[in-house]
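Let's walk through this model together, starting with the overall fold and ending with individual side chains. Keep the sequence and the 3D view open side by side as you read.

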Amino acid sequence: MLPPKAFLDALGSQASRLFNGENPLPRGEFEAQFKAVVQNALSKLDVVSREEFDSQMVVLARTRARLEALEAKVAELEERMTPPTSE
């Protein structure tokens, strides 16, 4: 994974090649090339899609709820196993 500074530097250098060309590019061609530059830069990062992130958040929430239920059950069982103290 690229550090943020290296990512921005690489993106900036690639974008500057588009801006500093000898002939100005038509808007559509510029947008297509800039999109390709950004996609290339993003492909070097370790990222997931929003859809994958959201699905993993659902899994995590479900897992946490199950873990909390298990922790409560263990606490209940431990309480039952502890002999009462008589004073």
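Read along the sequence, the protein chain shows the pattern α-α-α. That corresponds to 3 helices and 0 strands, where helices (H or I, at least four residues) and strands (E, at least two) are DSSP runs numbered from the N terminus.

A word on the ground rules before going further. This is a predicted model, in which local features need pLDDT of at least 70 and side-chain atom pairs count only at pLDDT 80 or more, while totals for chains, interfaces and linings use all residues. Residues are numbered from 1 along each chain as its sequence is written, and side-chain values use heavy atoms, with hydrogens and water left out.

Of the 87 residues in the protein chain, 8% are buried; buried means under 20% relative accessible area, exposed means over 50%, and partly exposed lies in between (1.4 Å probe, protein chains only). The accessible surface of the protein chain comes to about 7700 Å², and 59% of that belongs to carbon and sulfur atoms. Such areas come from the Shrake-Rupley method with a 1.4 Å probe, and for residues only the protein chains shown count as cover.

Val48, Phe53, Met57 and Leu60 make a surface patch of about 360 Å². Patches are made of residues with over 30% relative accessible area and no salt bridge, with like charges joined within 9 Å and nonpolar side chains (Val, Leu, Ile, Met, Phe, Trp, Tyr) within 5 Å. Met57 sits in helix 3, which covers residues 50–81, and Met57 is partly exposed at a relative accessible area of 42%.

The structure holds 2 salt bridges, a salt bridge being a side-chain nitrogen of Lys or Arg within 4 Å of a carboxyl oxygen of Asp or Glu. In one of them, the side chains of Arg50 and Asp54 meet at 3.2 Å, N to O. Both residues lie in helix 3, 4 residues apart, about one turn of the helix. Arg50 counts as exposed at 59% relative accessibility, whereas Asp54 is partly exposed at 34%.

Further along, look for Arg80 and Glu76, whose side chains form a salt bridge at 2.7 Å, N to O. Arg80 and Glu76 also belong to helix 3 and are 4 residues apart, about one turn of the helix. Here Arg80 is exposed, with 60% relative accessibility, and Glu76 is partly exposed, with 34%.
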